[in-house]
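Please keep the sequence and the model open while reading.

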Amino acid sequence: MDVNSEEKIKENRYDFRTVEPFWQEEWEKSGLYLVDEDSKRPKYYVLEMFPYPSGNLHMGHVRNYSIGDVLARFKRMNGYNVLHPMGWDSFGLPAENAAIKHGVHPDDWTRDNMTNMRGQLKSLGISYDWQREVATCLPDYYKWTQWLFLQFFKNGLAYKKQAAVNWCPSCATVLANEQVIEGQCERCESSVLKKDLEQWFFKITDYAQRLLDDLADLPGWPDKVKTMQENWIGRSEGMQINFTGAGGEELPVFTTRQDTVFGVTYLVLAPEHPAVKRLVAGTAYERDVDKFVAKVQKLSAIDRMADTLEKEGIPLGANAVNPLTGEDVPIWITNYVLMDYGTGAVMGVPGHDQRDFDFATKYGLNIRQVIAPSADYDPAAPLTAAYTEEGIMINSPGFDGLPSAKGREEISDYIEKKGLGKRVINYRLRDWLISRQRYWGAPIPIIYCPVCGVVPVPDEDLPVLLPKDVEFLPSGVSPLNTSKTFAQVQCPKCHREARREMDTMDTFMCSSWYFLRYCDPQNNKEAFAKDKVSYWMAVDQYIGGVEHAILHLMYARFFTKALYDMDLLPLKEPFANLLTQGMVLKDGSKMSKSKGNVISPEEIINRFGSDTARLFILFAAPPERDLEWNDAAVEGCYRFLNRVWRLLSDIKTQIGANSQEASAKNKLNSTDSAERNHQQFSTQHSALNTGLQSSPDKDARRAVHSMVKKVGEDIGARFNFNTAISAIMETVNTLYLYRDKSARPDQAILAEAAEKLILVLAPFAPHLAEQLWHDYGNEGSVHLQPWPGYDPLALVMDNVEIVVQTNGKIRSRLQVAANLSREELGQVIQTHPCLPDWTEGKEIVKLVAIPGKLVNIVVR
RNA sequence: GCGGACAUGGUGGAAUGGCAGACACGUUGGUCUUAGGAGCCAAUGGGCAACCGUCCGGGUUCAAGUCCCGGUGUCCGCACCA
């Protein structure tokens with residue numbers, strides 16, 4: 001390749017290697033994306049889930065932030081005061097694991113990663129207000145995480161209790177319920193064990209009903225996510241019925257099928273049920289029962305939940321009294337009853353519950369039918385499986401003949417009247433276990449005093465700094481124990497020698513309020529000022545992966561509600577609208593190092609530039625859908641940007657003389673709202689429109705204006721960025737044809753087209769658009785311009801093609817005037833010379849005319 | 001088992017109930033070129049054709065990829081929840 005041709009190619013191309021870094025620097029220098037509270041403009045808070053600083057950006061990040069950036073830029077151009085921040089979810093296990101593996105301190109490792117990823121983010125040119133950057137691992141952030149913990153504590157929402165908790169043996173720490181996936185650790189996939197430990201919990205269960213009810217106030221959330229939260233909260237209405245065991249042992253059970261209480265033939269307890277020991281103490285059953293309990297407890301969570309696990313049980317040799325019938329039924333324990341749901345005791349109704357049926361069949365327990373499928377059903381026929389549907393009550397003295405649903409109500413009333421139990425609502429949701437026996441997290445700001453007991457760290461002593469002199473090899477004991485200085489502290493109340501809490505907080509605590517800190521990131525007096533939060537919150541559009549549907553999104557909702565109750569926040573829901581983006585796949589599966597199918601964003605940016613990377617990722621699929629990475633298609637996007645570049649460069653040369661006029665026009669627009677801008681364009685160009693004689697001119701202009709309309713709607717109302725981009729591509733194609741094929745392309749139309757193209761491209765390809773904007777002689781950033789308007793008159797067509805169908809089959813196409821009414825269009829068909837051909841001599845039954853679209857002649 | 005989403009060319013994907021396959025990738029042919037991994041032009045659901053085509057089977061409608069009923073398949077979430 002000689003020098004000349006190299007230069008020639010360079011000349012005709014979008015030189016992203018120069019253009020992109022240049023504008024990134026300019027934008028940063030001019031503080032283009034910095035925002036403040038501004039009551040004159042409506043606010044818009046667009047937020048992407050902040051990343052864990054793992055070391056490198058991956059394509060999922062690029063997708064997430066590209067979606068957010070299009071919205072941020074679009075809203076900005078539409079006159080909104082846009083808050084678009086970025087930060088780091090920077091506490092967590094990977095830092096410790098890296099420290100163990102490579103001998104670096106988690107703090108250094110994390111900071112290096114943040115530096116590296118910040119650089120990568122900046123090379124993407126996302127419009128963040130970097131002055132609002134937060135990192136959860138920095139003392140000026142976690143000080144407030146600790147402060148918030150204390151607010152929860154002081155309001156009775158944080159408590160410590162001994163409980164059987166999830167223990168990951170490999171991470172050597174406890175896990176929240178939500179972090180156990182199919183019995184395995186969410187992080188390392190080790191089998192999770194149950195361990196009896198004293199741990200800190202947040203009372204999220206107090207908010208179960210509100211978390212459930214308020215989902216109805218979130219129309220801007222995907223149903224999928226709301227359903228997942230609904231299932232996770234798992235509300236079920238039922239009844240607690242008080243059975244009584246031998247020796248007066250109270251054995252309440254929880255059931256949702258009170259109508260089957262006459263069918264109870266045994267009672268089952270969870271092996272861990274506290275009554276078990278008492279009931280068998282000193283009996284012949286004691287040894288076998290102990291053995292059985294030990295066997296069940298040894299099973300890991302995953303084994304205990306496995307489908308294949310056989311239902312096993314053992315009798316306790318004791319009976320319980322059914323309070324309704326006065327009948328004695330045997331008490332068993334079994335591996336299929338859970339201690340931590342309901343009361344840990346279940347009534348065995350083998351006639352109407354399949355598990356009970358299997359169990360009773362296996363151990364020869366009685367099966368009694370109390371619900372018949374219909375009134376004429378023969379109850380004498382033996383059941384071959386449990387009948388679990390609704391039906392008619394039988395063998396239930398006093399309630400026979402009632403439909404089961406009605407029977408449920410009457411039995412509930414009866415039980416409550418007699419004081420034998422009560423209606424209760426059970427939730428599957430458990431309290432949130434927030435303490436961790438790991439190093440890289442915010443220390444829990446609690447002091448244990450031998451005299452005063454559990455004492456919160458006073459506000460003025462915050463933050464409780466994470467010590468650096470710590471051995472963080474997982475040992476099962478909190479690593480903070482290994483610090484020489486950390487534990488020792490004076491009791492804030494009595495000043496006696498006391499000890500600090502050694503556990504750190506779950507990192508989900510840190511991420512449950514970061515969106516509030518962005519509103520007021522530098523405040524060193526409070527976590528956030530109420531007026532700033534009132535101005536910016538709620539987040540208008542939240543964007544992130546669906547993998548956070550339960551954990552993060554539920555905790556953040558819980559925090560918001562709790563802070564609302566403490567009068568720290570003016571709102572009950574943090575995220576008004578939620579967009580869950582799909583994954584980025586390669587060869588059909590998620591990109592991962594172990595599969596070796598990772599495409600690094602850095603590499604793509606180096607080869608094609610960030611505008612190309614962003615354009616591809618937005619064009620390849622709608623945002624909620626999974627996206628298959630395709631190298632060739634990326635190149636296609638790169639070619640498109642060059643096509644735009646060449647077209648607009650050429651037009652610029654052609655209309656060079658007019659460029660001053662164009663720039664004057666833009667100065668005029670630059671301070672207007674989109675609405676005014678819209679009207680302005682209409683009046684400005686209606687003269688242009690009516691002056692057009694030939695149809696290629698009109699067509700070109702229509703293409704441009706309908707593109708503006710469609711792109712605005714696709715971004716603003718539908719989040720269909722892929723179709724917005726395709727509309728721009730179509731218009732570019734049309735303009736190439738117009739310029740090359742029409743006899744005398746109109747300069748004014750080309751100038752207008754160029755300007756609008758640059759403006760609609762700005763959210764998608766911000767660097768290219770900015771460069772072109774300035775090449776056209778405009779002042780100021782393209783990203784501060786009002787979103788272009790369109791001229792409704794330009795969209796009007798003189799003629800349209802309509803389709804002629806008979807019985808739904810296409811016969812012909814006709815050019816007709818676009819403004820024909822339904823009747824006129826019918827007339828045209830009725831009198832058309834081809835009518836006999838279309839109807840083939842058959843009788844016309846009906847004629848359906850849809851103006852502007854089609855005519856369907858129904859014949860027989 | 002329960003709940004949810006989805007199913008359209010070789011591929012990614014378009015279609016307020018109104019011309020299925022926009023836009024793009026890929027492929028093929030042409031053109032320019034010392035060269036082409038650049039650019040431009042053309043073709044591209046299947047079938048020689050009439051026609052047939054949106055997972056399968058019914059239905060509603062003048063008209064169904066789209067709405068309704070019943071299946072199948074794929075993916076996701078929860079899962080011994082009483």
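## Contacts with the RNA

In this predicted model, the side chain of Thr255 has an N or O atom 3.0 Å from a sugar or linking oxygen of RNA strand B, a polar contact (a pair of N or O atoms within 3.5 Å). Residues are numbered from 1 along each chain as its sequence is written, and chains are lettered from A and ligands numbered from 1 in the order in which they are written. Local features need pLDDT of at least 70 and side-chain atom pairs pLDDT 80 or more, whereas totals for chains, interfaces and linings use all residues; side-chain values use heavy atoms, without hydrogens and water.

| Side chain (N or O atom) | Atom of RNA strand B | Distance |
|---|---|---|
| Arg639 | phosphate oxygen | 3.0 Å |
| Asn722 | phosphate oxygen | 3.1 Å |

RNA strand B is surrounded by 56 residues, counted when a heavy atom lies within 4 Å of the strand. The closest are Leu309, Arg355, Ala620, Arg643 and Arg813. Of the RNA strand B atoms that come within 4 Å of the protein, 64% belong to sugar and phosphate. This surface has 23 nonpolar, 14 polar and 19 charged residues; Ala, Val, Leu, Ile, Met, Phe, Trp, Tyr, Cys and Pro count as nonpolar, Asp, Glu, Lys and Arg as charged, and the others, Gly among them, as polar.

## A helix pair

Helix H19 (residues 610-619) packs on helix H26 (residues 766-775) at about 125 degrees, with axes 7 Å apart. Helices are DSSP runs (H or I, at least four residues) numbered from the N terminus; axes are lines fitted to C-alpha atoms over the stretch in contact, and angles run from 0 to 180 degrees between N-to-C directions. H19 and H26 are therefore oblique to each other, as angles under 35 degrees count as roughly parallel, over 145 as roughly antiparallel, 65 to 115 as roughly perpendicular and the rest as oblique. Ser610, Asp611 and Arg614 of H19 meet Pro766, His767 and Leu768 of H26 in this contact (heavy atoms within 4.5 Å).

Notes
Polar contact = N/O pair within 3.5 Å; in protein donor to acceptor, adjacent residues only side chain to side chain. Helix = DSSP H or I, 4+ residues; strand = E, 2+ residues; numbered from the N terminus.
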